[in-house]
Amino acid sequence: MKAWFLKLQQATYNSTLMYNIRMLIAFTGTAFVPYLLDMQLATIPLTLGVVAAGLSDIDDRFSARILNQLYTYVGFFITATSIYFLFPYPILFGIGLIISCIGFILLGSLGRRYVTISYGCLVVSVYAMLGVDLFDDWYKQPLLLVTGALWYGVISTISFLLFPVRQVQDQLSKSYSALGHFLYAKSNLFDVDMTAKSYQQSMIDLSLENGKLVAIFNELKTALLTRLKGDRGQKDTRRSLQYYFVAQDIHERADSAHIDYQKLAKIFEHSDVLFRLQRILSLQAKACHDLSESLSRRQHYQHNKRFKHAFANLKHSLEKLRQDQHYDQVWINALFSLYQNLKSIDGQLRNLETEQTMNEEKARQAENQLKDDDLKGLDDIMVRIKQHLTPESVLFRHAIRLSLVLLVAYIFVQVTNIEYGYWVLLTALFVTQPNFNATKRRLRLRVVGTLIGIVIGYAILYFIPSIEGQLLLLVLSGVLFFELRSKQYAQATAFITILALLNFNLDGMGFEAAIPRMIDTLVGCFIAWLGVYFIFPDWKFRRLPRTIRRSLEAQCNYLAEVVTQYQSGRNNGLNYRVVRRAAHNRDADVASLISTLATEPDFDPDQKALAFELLCLSHTFLSYIAALGAHREQIQDQEVLSLLNNALHDIQGALLEDKAPDLTAHNMLQNIRQRLVQNQDEHQKSLIILQQLSLMLSILDNLSHLKQSLSHERDQHATELASL
């Protein structure tokens, strides 16, 4: 009996399984309860209500979750009712469509709660168009849509009450798994056979992994913040918070660079030190994956005993190198700094579990270090909306673009009177994304998925004519759609197509709707493509200079905070974490943008080469700052402090104002190094500062020139486009 209970408990730790069970219950209720009550037509809006509510669902604390659901139900009812009353009046309907679409999308500027609610309302608006003729009374379809959403909300809330911190634990597990991938990518920089081409590819891979990790950290921070607001005494949440801060600290140390890796591979290509460094990083990557697995299974993490032997051997190799007069001691010092950084990461991983019980008071204080991005009142609401009332805003451009796409689709349906034409609007809504690349990808996957879904749906309708069998497959299709929607969009589209065919077959429209749905999908995709291509076209290369500048500004702010802490002392408070996170977020934006440039039209191959070169240098520069931040503590040497201030001034001038840096900082650096190198043990911390500043200044000119070149290329290209 005990063994059976343990197996059941382990099964509840599988979040995917529990989510699928939730969706299974939701779709089973909307499919079979109306069937048993002989109200089969009600299955259509009830099921669509579940789909819309599932797309609008977000993780939040209990009180906020109830409020979110209340807003969602009110929004769904008003939207569906408006569709019913405006439907007979095409001109008023078109005006209402534009106003509501723009309003819903701009509402997303107020936070993630409003993003999901507004998107759900847009989905419900098209669902209501599809079923506007199903019922005679105006209130029936809106009530049934809301009832389906309410049914899903009840199941979702029960699931939350049973597993209140499940989402946080899952996000925490994902964070350490992503941290492991990042460490693996970092270990590739210690390849002794590295070439210039392989180094650039390794840096690109590292930058992309960094972007993924930062995005997961942001999701985890949001999940933690809402839990801390809801229950400040929740032990599991406090424990998760401590894990989060440790992961961030490991990330800063892992991302730091104490040395030029290309030169390192050449200088020490016949030494075993690179192999040992790569081996330890790989072991630490595996340790993060093991920790992720322990978190997902709710097990105690066991630190690998091989680390002790690996670090001992690495230290022995470094001591032998120090005794060898053949190598420059600057390089040896950098390797020892790297060794200390890896030891710090090891200490964080080894002591993580014990620190949870020892540092509970520390966790309480750390709680206040999370930046709260929630609304602060009416003034905050007005400020956030006004910020997006400009063509410079991606959200504003998307609102105008999508509203016009839906209006064109609606006019097309009205003029052609195409059969089941409102699938055109639904397709356009689902595939139109804020940027060209995402929309282009969805267009292809949507067409493929719809075609597959229609073929399978036809086969189901032909070979399984029984209502019971079709309802069973409807439930299965709904579950698989939600399981795959964020992983495999084409497959998810296929299953939602099957669900739609089976759903509308309850009104006798199954066979008749299949081919029109395919045609409508193609038309909707074409209109969406025209929209992203001609209405505020959001080519990412046009945003490249601005994105680069924002990233370099964030890096300079990060460096300024690090310099301040060398003067005042180490402090992991809110301000430091905010500027560090902003620097990594902006770096991730640059990596994401550059990685997708080649898919855009009118793309210049020369610009691509420059962009990827800048990506590598920019992330390298950020890594040098991270290393300086990892070792930060108060120092008393006034010459070194003055050097830090001068170097910061030079870096800000070169990267933000395009000024040529003078040689003041460089000369100071050389003079101070000559003074300190004679007594290295006493001035080890200062030597680390000198090394990091030397690395930053060595690539500063190149980074500044690349930034200016890309800005010039963009301006020239924009002029050429304007003249066409």
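Helix 7 is the top contributor to the nonpolar patch, giving five residues. Keep in mind that this is a predicted model, where local features need pLDDT of at least 70, side-chain atom pairs count only at pLDDT 80 or more, and totals for chains, interfaces and linings use all residues. Residues are numbered from 1 along each chain as its sequence is written, and side-chain values use heavy atoms, with hydrogens and water left out.

**Nonpolar patch**
- Leu17, Ile21, Ile25, Leu150, Trp151, Val154, Ile158 and Leu162 make a nonpolar surface patch of about 680 Å².
- Patch residues have over 30% relative accessible area and no salt bridge, with nonpolar side chains joined within 5 Å; a salt bridge puts a side-chain nitrogen of Lys or Arg within 4 Å of a carboxyl oxygen of Asp or Glu.
- Ile158 sits in helix 7 (helices are DSSP runs of H or I, at least four residues, numbered from the N terminus).
- Ile158 is partly exposed, at 46% relative accessible area (between 20% and 50%, 1.4 Å probe, protein chains only).

**Second largest pocket**
- The volume here is about 370 Å³.
- Of its 21 lining residues, Met129, Leu130, Asp133, Tyr420 and Tyr422 are the closest to the centre.
- A pocket is an open set of points on a 1 Å grid where a 1.4 Å probe fits, with protein on both sides within 12 Å along at least five of seven lines; lining residues have an atom within 4 Å of a point.
- Helix 22 gives the most to this lining, with three residues.
- The lining splits into 15 nonpolar, three polar and three charged residues.

How values were computed: Patches are made of residues with over 30% relative accessible area and no salt bridge: like charges are joined within 9 Å, nonpolar side chains (Val, Leu, Ile, Met, Phe, Trp, Tyr) within 5 Å. Accessible areas come from the Shrake-Rupley method with a 1.4 Å probe; for residues, only the protein chains shown count as cover. Helices (H or I, at least four residues) and strands (E, at least two) are DSSP runs, numbered from the N terminus. Grid points are joined across faces, edges and corners, and a volume is the space filled by probe spheres set on the points. Ala, Val, Leu, Ile, Met, Phe, Trp, Tyr, Cys and Pro count as nonpolar, Asp, Glu, Lys and Arg as charged, and the others, Gly among them, as polar.
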